[in-house]
Every structure is written in C-alpha cells, then in structure tokens.
Amino acid sequence: MPRITVTVDGIVYEEEVEPRLLLVHLLRDRLGKTGTPVGCDTGNCGACTVMLDGRSAKSCSVLAVQADGSDVVTIEGLARNGRLHPMQEAFHAEHALQCGYCTPGMIMAAVDLLKDDPDPSDEAIRRGLEGNLCRCTGYCNIVRAVRRGAQEMSGEGVRTS
Amino acid sequence: MAMRFEHEFTVPVSIEQAWAVLLDVERVAPCLPGATLDTVEGDSFTGRMKVKVGPITVTYRGDASFQDVDKDAHSLTIKAAGKEARGSGTAGATVTARLHPEGSATRVTVDTTFNVTGRPAQFGRGVMAEVGAKLIDRFAANLSDLLGEGPGAEPAAGPANVTPLTPVVPAGPAQEPSGSREGSLVPSTGDGGPPEPPEPSRPVSLTVVPAPGDAEEIRGQDPHPGGTARTSRTPEEEALDLLEVAGIPLLKRVAPLVAAVAAVTLLAWLVRRALLRRTGGS
Amino acid sequence: MIPAAFDYVRPASLEEACHVLATTGEEAKVLAGGQSLLPLLRLRLAYPSVLVDLGRLPELHGVQDRGDHVFIGALTTHDEVMRSPVIREHVPLVALATATVADPAVRHRGTFGGSLAHADPAGDLPAVALALGCVFVTRMTGGQREIPASDFFVDYLESALDPGEVLVGVQVPKLGAGWGFHYEKFHRTAQAWAIVGVAAAVRTEGGAISEARVGLTNMGSTPVRASAVEAALRGAPSPAPDGNGASNGGHDPVRDACGEAADDTSPPADLHATSDYRRHLARVLTYRAVRAAST
Amino acid sequence: MTEQIDAGMVARRIAESDRLGSPDPGREIGRARRRKEDARLITGRTLWTDDIQLPGMLYVAFLRSPMAHARITRVDTSAARNQPGVAAVYTGRDFAAEQGSLPCAWPVTEDIVIPDHPPMAVEEVRYVGEAVACVVATDRYKAADALEAIEVDYEPLEPVLDMTEALAEGSPKVHEAGNRSFTWKFSGGDVEAAFRDAPVVIERTYVQQRLIPTAMEPRAVVATTDGTAFTLYSSTQIPHVLRVMLALTTGIPEHLLRVVAPDVGGGFGSKLQVTAEEVLCLLLTRRLGKPVKWTESRSEGNLTVHHGRDQLQRITLAAERDGRIRGMRADLLADMGAYLMLVTPGIPILGAFMYNGIYKMDAYDFTCTGVFTTKMPTDAYRGAGRPEATFAIERAVDELAHELGMDPVEVRRRNWITHQEFPYTTIAGLTYDSGNYEAATDRALALFGYDKLRAEQADRRDRRDPVQLGIGVSTYTEMCGLAPSRVLGSLSYGAGGWEHATVRLLPTGKVEVVTGTSPHGQGHETAWSQIAADAMGVPFEDVAVLHGDTTVAPKGMDTYGSRSLVIGGVAVLQACEKVKDRARKLAAHMLEASPDDIEFSGGTFSVRGTSAGKTIQELALAAFAAHDLPEGFEPRLDADVTFDPQNFSFPHGTHLCAVEVDTETGMTKIRSYVAVDDVGNVVNPLIVEGQVHGGIAQGIGQALFEEAVYDSEGNLLTTTMTDYLIPSAADLPEFVTDRTETPATSNALGVKGVGEAGTIAATPAVVNAVVDALRPYGVRDVRMPCSPERIWRAISESGGAAAGWAGPTEAEGGER
C-alpha cells in the first residue's frame, strides 16, 4: 500500500492508504476530520471542498495518494488562535446557513474566490460559488455573507450606508 | 433503456447459403464486437461480452439461444441475456433475422431490440444508447460480411471487405428529413438531374425505430435518451475513418469498437449521401 | 460511491510513464487531474487495473510562447490556462472556453490535456481545439508524434491516443492580427453539460469576414467543425454591432451562413435535449458566437 | 404606486432594519437574533449521522434492483460472504420472518389498497433501487466491493409507468390487487349548478412532475445495541414518530428503543419517513450484536429517497364574464409509486382543501385517485399537496384572466376574501382566521414596479423583441401547523397533531427548553430561546434548547408541514407560562404577598406598588434548596405542555416574478422576484427571511429545472446531480422579500408558519411569468420544468417561430 505524507490543518500525517481511498474518506474515516462532509458522487455539490495546497478542491474527486506531500486545510483548520475566520463570522452574521451541510464547502469556496477577486461583485460571487450547491438558503444570504467576509478581510469593515 | 434497430442489406449468395451461415453460432457470435463465446450446446450458448467506451467498461456474462427457427420462412430469433460481471445490471437482446430471396442474392432484414438495466442505464446522457447503437450497427455490418461469404469461408477479418451492392432504402422512417433545408446540402447534384449511380458501399441501411412505448418519448417527457442513434458524421471525419479502416496504424488499440464504429459511420454516411442524392434528384 | 480497487503508479519520468502504459495495455488508465475520471471510478463505470498518475511530471506542465504557436502542457490546470497571460494574449479563445469548464474547484484540479484526452464531445475544449487547428503532441516508448485535432477526436470518449501513448501537450496556433474570438455555451444550469457550445474565431478585414473557424460542442460523437458555415461566412459583411444585424432590413448574410451550422451533424438526443433542438441551437448560437467574435 | 423607488433598495433597507434589531428593544421575539446553531456548523464540529464512529462498527451496503419490475428467482450470496472483511450477507428471505412491512400511517379511505412492503424484497421487486440484499463489512469500501459478488437472477415483469395506462383495462399489475390504491372524493356547494350555463369555463390539465427532494445530507443510519436496549441514529425529521413506528414494525419494545436525530442536513419532507434502511439497520444490529452504519451515496439516494409531487391535475373553473369564479373541479391522478410509505396517500389529500386558494366560490369538487406504478414511492416534499393545489388554482386564474382580457391581479382582486371578511369559512370547509391579501399584494406590486414592467412588456411585444418579458403573479395561502388532532383523525391519519414542550428552570437560573420538534436547519434552538427568554425574563443566552433524542426529549410529533413554531413554539410558550405560574406562587410566598398581587416584569416578580421583588434566578435557587416553600408546593420550577391546536394557520402572500424568455433558444432568465409574505407575527425575521429565500429557490427549481425522469423501461435517468438539476447561486437571482403582519388569531404567539410558503408560492409565479411572456405566440401552457427546449417547442408548435429562426420541421419533430 502506498505510504503518503499529508499535512491537514497543520498536523503532518503519515498514512498507508489503498490507492483508491478518496481524500475525503482519508479525512473523515482515518483522520477523524468529519467537519468535511460528502454530498454527492459526481463532484457537483461541493460539500467536501477543502483547500489543497492553497486552492479549493473537491476532496471527493481527489485520491488520497494524489494529495501526497500536500497541504490540506479543512473547515476545521480555518479558525486561527481560537478566532473564527472572517468568512465564518460573515456566514453567521448574515444567516447564510440553515441545515449547514453545504456550509463547510461553501465557506472554503468563498475564501478561495476572494483570493482571485478580493472585492467581488454579486455576480462574481454567484459565479464563483457555482460548484457549491445549497438546498436551504436560496443563496441570497450566502452572497451577502461573502460580500461581508470580503469587506472584513480587506480591513474595510462592513459598509453600513 | 430499450432501443430498437432495423437493418437491411443484400448479400450476393443464395438464400440457402446464407441460411446455413446464419445457423452457425460459432461464426455468428463473433459478429458482435467484444463478444466471446464460451460454450455451445445445441441451440444454446454461453459467453461474455465486453462493452467499452473510452474509460467506461461494462462486462456482461450470459447466455443466448436460437429461438423460433423457421427454416421454411428462413427466419430465426436469437435471444441473449446477460448480467454485469461486476455490477447488478443486465443486458438483453433479441435479434430477429429474416432472409428473402432476390434472384441469386439474398436480402436480409435484421430487427434488434436491445435492453439495458442497472447503472449504465441510469444516466441522462445515455451512455448505453451511445454504445448500443454502435454495437448493433456493427453486428449487422459484420453479419452482412459473414453471410456474404457463404458457408465454409473464414470469418471476415474486418470491415475492409466491402461488398459493392446497392444501398437499400430504410425499411422504417428515415431519420433525416427530406425537407429542402437538408436537401439543399446535397453535394453538387444539379436539380432535376439524374441520380448519380450509387457509390460502392457496404450494403447496410440503418434505421432507428423507437422501441414500443417510446413513441411518445419517455412517458410523455420530451427529451428522449433512448431509441435514437447517430448515423452520420461529416465527410472530413469519414475520410479519417477510411484511413483508419484501411489500416494506417492510427488505431492500433481498441480495434474492435473503434474500427467498427468507423466502418459503421462510413456506411451510414455513404448510405445517407446516396439517399440525399435520390431526394435531390427527384 | 466508492471506486473499485486498482493499482497506482506514479512514474518519475515521461519515459517511465510510457513504458508502464505500454506494458499494461488497455487496462491502464492515465490519471491527470482526475476530475472526469474520479466520478466514473466512483460510479463504478470504469474498472482500470492500474492508474498511472502523471500529475508530478514537470515536463507536462506549463505554457510556452513558441513563436507561431502557444504550447500548453497537458497537465496545465484549467485555472492556470485561464490565468496565463500568454494564452490570454495569443489564443484567447482557449481562455474564454476554459472559463466555462465546470466550476472553480474543478478547474484547480482538472487539466487541459486531461479534458482533451477524455474526448467528450460535450466537453468545451475539444471544439475549441478543433476550430483552432491545434496539434496534439504525444510521446510513446521510443517515439513521439503530432496529431492534428481533426484526427485526434475519434469517437465518443475515444481519442487517437494509443494505450502506451501520453499526451504531452497541445500546440495552439496563434492566428495573428484581425481575429476575434468567442465561446458560446448553452446549458441549463451553471454546472450542467453544454447542450450545445460554439467556439468561433473570426477574422475581419475591411468590413468583411475574411476567414472563420467554428467548432461545435455536443453536436455529434466528436466535436464538429462547422465547415459549411466557415465557407459561407467568407466574404460576408461583418455584422453590425447593434445586436440586431441586418434582420431589420431582412437579409443578413452572416445569419444565413450560420443557418448551416447544423448541416451534416448528427447531434445526440438525450435527457437534456433532442437532436433537432440541438440543431436549432447550433444555428442560433453559431450566429451569436460569430457576431460576438466579429465585433 | 411607488415605482420610482428601486425595489431592491427598499427590500435591502427592510432587511437591514431587521438586522439592526427588534423594533421593541428588550423583547426577544421579533429580533433578528443570529443563530445559536451556527457555531458548530461553521466550524465543522457538527455531528452528522455519518460522523458517528462506534467501537467495532460494521458498515452496511445494499444491493438494489436494476429492474423496475421483476420476480426474484435466485439470489446467491456465497461468493460475497467469502470476500475479505465481510461479516454477513443477507437477502430479503433471510429477514422475511422479522422485517415486517414498512408502515403507511394514512389510510385515506376505508377500501384503500395498502400492499405489503418488505424492507428488503423477498419475491418481487417493483422499482429500480428496491433493496434486494445487503452486505455487512468492516469498512465501507469492502462492503461496496462485496455487493458486486452477489448474484441475483430476475424474471422480468412488465413495468407500469404511466398512471393513465395503469388504470386501463388489461394493464400489467404492480400488485395483485391492481393499480388503483384509492379514490378519495370531497365536495362543497352545488357544483352542477355552478357549472350550469357558466359564461366562462376554463379547463386545463397540469402535470406536477416527479421531484427528488435532494436534501444536501444523504441519508445515514447508525444502529447499536447493548443486548437489551437499542439506539438508532438517523438523519431523520421524525425521531419520535420513527421510534413508535420502528417498535411496531420490528417488535423491539418502544421503551427499549432510543432514536436520535443528530444534526440533520435538510429534509424538505424526504426525511419524514420510516425507511427500509432504518428497519434493516436495527435488525442487523440485533442479529449481529455489533453497531452498524449505513450511509447512502447521492446516486443511491436519488433512486431510493422517496420522491415528491407526480400528479396529473385536471382543473375546471367556471366563472362569470366579470371574472367572478363560480366553482371549480379538481380531478387528480396521484402517482403513489410502487408502495404506500408513511404518508404517501395523504399527500394529495392535504392539497384537497387548498384548490380554492384565497378565493370565494360557490362550489368545489375534488377527486383523487392514487395509482401504483413501478417507480420509487412518492411522499412528502416541501409543501406536500399544497404546492400542487396552489399551482393549479393560480395557473387557472391566470388563464381566466387571459380568457377575459383582464389583468391577472384584477381577477384575483375580484375573487379573493377581503380582509374585512375574516374569519372566513371557505368552500373547502376550512376557516381562515385572518389575512390581508390586499395589503400583501399592494406592497408586492409597489416593490416590483408592476406597472412599469407591464409597460416594458408591451414595448417588447410591439418591437417583437426576441427576448420577451413575462410577469407572473401568485397569491397563495396554505394550511400550516399540521394539525388539530381531531381533524387529522377525521382524515384517517394515524396520529395526532399535538406538540410537546418541557421547560425547566435550573438552580442557577438558566433555562432548559425541551421540545418535541426536530429541527434540521430551521433554527429552533434560536427561535425557541427567544420565546423562552421573553416569557421567562431571562437572557437569550441563558436558554438551551434540547431536541432530537427520544431519551432527552421523549415526547414529540417532530418537524414537517410548517408546524414547528405554530404548535411546538406555542407549546414552549405555554410551558413557560406554567413555570411562571409556579414561580409566582413561590415569589408570593417569599414576599409574603398574595399571588394576585405579584407582577412579573423583566425577570423579576414583584409586589405590585412596592420595590420588593424576587428575580427568577433567586426563585430558581430557592426552589432547588426547597428550604422554605409554600404548603404543598413541589420543589421544582418546571412544566410540561402538550399543545393541540384548534385550527390550522393560514400564512399567505403575494409573489411576483418577472422573467426574460429568449425566444430564439427558449432560455428563461428570472429578472426580478418579489415576495411579500404574511406569516403572522415573526419570532426571528432573519430565520423567516431565510426560509422564504430557500422556499422560493425550491419553487423555482420545480418550475424551471428539476424533474425525476424514468425511461420507458422504468430506469431512473436522473440518478446524479449532473442530470437532476438543482439550481446553484449562478442560476438564481436576488430575491426581494418583505412582509405584512396579520397575526394569527388561533394561537398565543399569533404566528402562522413559514417553512413551505416560498415553495408553494414560487412555482406558479414563475410558470405564470413564462406563459405570460409567451402569450403573443399563442402559448397557454408549458409543462414543468419549463426547460429551454419545452419553451422553444411551445413557441414553434404554436406557429410562432421566433425572429426568423425556423422551428422544428415536421420530420425533425418526429425524431423526438
């Protein structure tokens, strides 16, 4: 069995894995990182989105062996020093989640999209989240949250006018 | 997912010769691309069949038998049923072949219904519709070759053995409309001019007929993934296919299916061109 | 769902990759970004015995300006393609179409070469490669070859690659000055497959179209070149920029030309569209794509 | 009308004001509290059922029928048993003696046919996806592998796929007893008279396509036993109902069975079910003595999570030429699928009382026949019967308006119940307690810029613009708060409609609220905290809400049918009042005053007219210590309430949708969407707005995108999210929402429920808009989902090839 080294949320893991083991199952079943859920089997829903070497990836469509030597950040590793990431705060503030199942992936996708476009328009936000499906919110508050998160992250604070 | 196909072709051998070949399962079975015969016992046989489309592979194991063999009417039915070797799905086919004497030649009609269940049948893009049409087309083309050889000959090595015969008008409704829009595309035949002589072609006409109950699409839904197939591509691609068929080592691998498809496509295109010319000329 | 078991090889060199693939034959499958392959594995529609992971071969990555063409390494991700200044400047159609592929996370992993080698007629890039006349550069044990796009797409999900052959990269010809580009994708939801897509490159000179290249997505078992449209467009006056063309005045040669987009195609009929609707869309969308590319 | 005001801006301002806090400072109810639930959900510390790992746990996978209808002639599990890691392989026959039949709790008629429904098929399979065998293995990978080694032989039987054909003489039968499950009739007024010589009669047939609910969390079940008692964790909406039903089905005594709904990732009715997998996981843990887990994949779920809708509606409306509706007939075929599940037959019946909508009419007649087909059973999906009814009446009213050349809003005005007429008993026999359709509609029209859009529409029509504008109106009401138990009883439902709450004042003054509702995204922990905080005079943060575990919250009727706040929330309020009554007695005793002289304000009980008082926290500690209590006073400050409502509640609202239809391609784009809902008093405007947003998105999903499609052999083609299209952020617009507030008079909170409103309202609003856009082409209906191709065909077939692009030729049309 291949032996891989992967850093997940700051911890280095060495694991022997079957080649077919999906990254998301490595996270969930082997490392106990159940914060990243699985919502489909075709890479459509985005619930399992994590950061793989700094960019968003659907961990159900990546083999654990492909992540050998990589750095993975999941929703569980987003908060730093006990403080929530501004995007997590923003999702809470804007009521951008209901059942919360899509939320880990949605937040990771939102954080990722700001890497390219720190001040996205609503349309850019909607396009940037097209790979993450939510069945509860109708997305309105998610768009608001991403806008708010973007403002927080750019240090502007939320425009109140 | 059920599909039905009708094929018709004429072979330059007598009906008795063709009939004898048709009854020879060890020669008929390999006409189905990817099929392997394991055992033959009387009118029943077992075998495997591997269906491959790009990365997608489905292997079936199953059995088949001759049924309704009517030597007076020169018609028979082969019923085949298989199960996926690794999944829970099934595949079944019923092939009815009828021979009709036409002078010294024999006209053959092949009516095939094809049904797939299980995961391969559970997608909107119709993986199996894609494959099924090609398989059956290829089967008919190979059968045409085989029957054309008459008894005692070796099975055809490939579709290069083109027997020049006249294309036959499809027995069922033609897929392509004969409307002016399409007709206007007919290459270079002057309006009202006489139809060009038919080109040498494989004697297969391809028709796709909705399976019973499919006429009104999937129970009233409009887009219908099953029961349809493609029969032609652009001339440029046919040219490519011709090269492939001629053996240029572009396609060393996947010989059965790709070559089959190439051949079928070629035939379809040729047949269609011929048809369009007839339209254009009438 | 869960893939069936397979062996995994991560070759250290292209040579080794070719060797492994050649010796394993049909049962081996190349793993590039895996964004098309993994869903097939998970649904157990594919049962390769070996996956050969090319993801770590540096020679397959990157974009190079090579004078008359741009070379895109097969393992260059969609995301990298979209960002590449070289691609955006010299072969913008590639960037435009790539931006419509799947979604951002998939574009981070999915690769240019992987998409093309998958040879899905519903994929967005094959039609672009065909329209632009790309050349596919491959390697096999003891050799290499160049396959023109017109020969590369053999059939539904079938490329011209041999079992022991690896796609190294793609030469995308620079078309030079005077060309405009557009990729028009029609799909029901953002994630859905293109029902039909049209890749158009149009050169205008002195108020007229001097050359056009049109590739169609999901209009057959392979991507399709709309040759009839290309021929008919030659010499047509460039469409007016007001969006209504000559339709007010009646005759619009560009529109007439695009009306031939579906000729000689055999588009699939499936859950999402019938063949004749696809033919209709091909005409409408080709007109839109050509207009957008000419202005 | 205030058309010059930008609608988006207005709504934003309203939303912002909600966000800034309650109009009544100091009061929790009405305040836009951020949710308590969020902390664990945004950090990945949630506990979904699939997250649960127990020592020695085994993993279950099900082998499912590839056939729509077949006899099982042989099952060979021997090869699978010998695979590595496999603990057991079972077929339906192995469990035939103990698996029972999955329950149907709603026998809508005396003579209803309820076929036996074994959790694993024993002799016959009746839909693709029906469980045939199962593997129990040491991990999920090995379980999946072993499934491939099970051999099943089937003898195919004829599938039954079309309801009309299923009822025809000579149709193949899904069950021995035939394909008709029941026919249920209902009427009010003299329908014959209403239709006799009616100047206008509108007759239409609408297809409610089959839908797949698609909660984001796939189902999962964990079952474990200590040898005596059993615990079942399930991604369910109904832990309490499930416990009763599982006890009855499996014979495991109810008192030894604990059911837990951990965090549940959405339901929309799909997890209001007693599933084969839940039953079998319990039986497997009983047989094997090990904990077992089953988690479905999405493609498995699309096949086997119960589907929604799937009705064929023939609607006839009789009206005067002035637009006044005289009467209505609704004749339904409802596809049950292969079996009756928990409330399958009741779903269309729930709609029966809603076909008259918000309108006055003299007569109404309803008939529904439930039909068996070889497809996945249908059951509750967001709205459950009421979206179908609302769609039918709202579409038909638009057709009436068109027939009469009237504005669709005007026709509605002429027929709706005016606000002065409440309470109003409708022709369907329901008494609508309150409402103000005029106010909601006026507000919506203003936000929408109705007149301006109509002007633009006229202009586009004049210009023969290839992009046509359509405006859709939907003025809906629904019956929420399922339900008064006596009403449910009269409809033959198997249970009551009450809800339970316990409120406990803890010694330190904190409050525990135990609720029988079972939230899965609705934010009950937050909203119930607001109710309790106000009632008890404690800080919002000092309230904890416990739910979803039959040990922790032993009594309940769970969450569905927009019932939680209207019944469960009211129960919480009543329980708080009961605790307060006790606290008042204690305070009076401690303050040496008469309880009648004790006032309660801001968490303090004080003697009227004095400064003497006791805080509720002081009282809590005093009750705990129990040193000095009134004579006969039990030392506790807690209370239970089981609340059974006297009536349904009737939220209503007006939704307006503007679509742009590209007539060349048939593509629909929603340009603007305005929703003004009246859900009565609002506990948390943020949550209400969220529910409306999500509801609208699902309603739009039905209108434009979603359909479960079976092919002519009964294979489901939409097993994955690539084929079953649910909208993403990029496919939906911003929704403009606002509210009017007409309190319900039927409950102490004045609330009406909001869970289904958006879905019910949105579907007809969107389809009305699509059809409105296409009126110039002579189109009068487009079947849902209104896909681009259907719209293109509708235009083409009405002879209106758009802007010069040819429609399908006859030959091409035949190719379909």
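# A tour of chains B, A and D

In chain B, take the contacts between residues at least 6 apart in sequence: 65% of them join residues at least 24 apart. This is a predicted model.

**Stop 1: chain B.** Stay on this chain and colour by secondary structure. There are six helices and eight strands. Trace them from the N terminus: the order is β-α-α-β-β-β-β-β-β-α-α-β-α-α. Now colour by burial. Of the 282 residues in chain B, 54% are buried.

**Stop 2: a helix pair in chain A.** Select residues 86-93 and residues 103-116 of chain A, which are helix 2 and helix 3. Their axes lie 10 Å apart and the packing angle is about 125°. That angle makes helix 2 of chain A oblique to helix 3 of chain A. The crossing of the two helices is right-handed. Show side chains next. Helix 2 of chain A brings A:Met87, A:Gln88 and A:Phe91 to the contact. Helix 3 of chain A answers with A:Thr103, A:Ile107, A:Ala110 and A:Val111. An α-helix has 3.6 residues a turn, so residues three or four places apart point the same way.

**Stop 3: the annotated span of chain D.** Move to chain D and select residues 43-158. An unreviewed UniProt entry annotates this span as "domain: Aldehyde oxidase/xanthine dehydrogenase a/b hammerhead". The span is 30% strand and 10% helix. Its end C-alpha atoms are 51 Å apart.

**Stop 4: helix 4 of chain D.** Select residues 140-147 of chain D. How many residues of helix 4 of chain D are buried? Eight of its eight, so the helix is mostly covered. The buried residues are D:Arg140, D:Tyr141, D:Lys142, D:Ala143, D:Ala144, D:Asp145, D:Ala146 and D:Leu147.

**Stop 5: D:Val160.** Go to the loop between strand 6 (151-156) and helix 5 (163-167) of chain D, where D:Val160 lies. Is D:Val160 buried or exposed? It is buried, because 24 other C-beta atoms lie within 10 Å and the cut-off is 20 or more. Leave out residues up to four places away in sequence, and D:Val160 still touches D:His69, D:Ala166, D:Ser171, D:Pro172, D:Val174, D:Asn179, D:Phe372, D:Thr373 and D:Thr374.

**Stop 6: helix 11 of chain D.** Select residues 386-404 of chain D. At 1.5 Å a residue, the 19 residues of helix 11 should span 27 Å. Step past its end to D:Gly405, which follows the helix and has a positive phi, near 70°.

**Stop 7: D:Gly556.** Finish in the loop between strand 21 (543-546) and helix 17 (564-590) of chain D, the place of D:Gly556. D:Gly556 is buried, with 26 other C-beta atoms within 10 Å. Which residues is D:Gly556 in contact with, leaving aside neighbours within four places in sequence? They are D:His240, D:Glu499, D:His500, D:Gly516, D:Thr517 and D:Ser518. For a last distance, pick D:Asp50. D:Asp50 and D:Gly556 are 506 residues apart along the chain, and their C-alpha atoms are separated by 24 Å.

Notes:
Residues are numbered from 1 along each chain as its sequence is written. Chains are lettered from A and ligands numbered from 1 in the order in which they are written. This is a predicted model: local features need pLDDT of at least 70, side-chain atom pairs count only at pLDDT 80 or more; totals for chains, interfaces and linings use all residues. UniProt positions are given in the numbering used here, feature names are shortened, and annotations may be inferred rather than shown by experiment. Helices (H or I, at least four residues) and strands (E, at least two) are DSSP runs, numbered from the N terminus. The expected span of a helix is 1.5 Å times one less than its number of residues. Axes are lines fitted to C-alpha atoms, for helices over the stretch in contact, and angles run from 0 to 180 degrees between N-to-C directions. Angles under 35 degrees count as roughly parallel, over 145 as roughly antiparallel, 65 to 115 as roughly perpendicular and the rest as oblique. A crossing is left-handed if the near helix is turned anticlockwise from the far one by less than a right angle, and right-handed if clockwise. Two residues are in contact if their C-beta atoms, placed from the backbone, lie within 7 Å. A residue is buried if 20 or more other C-beta atoms lie within 10 Å of its own, exposed if 12 or fewer, and partly exposed in between; C-beta atoms are placed from the backbone.
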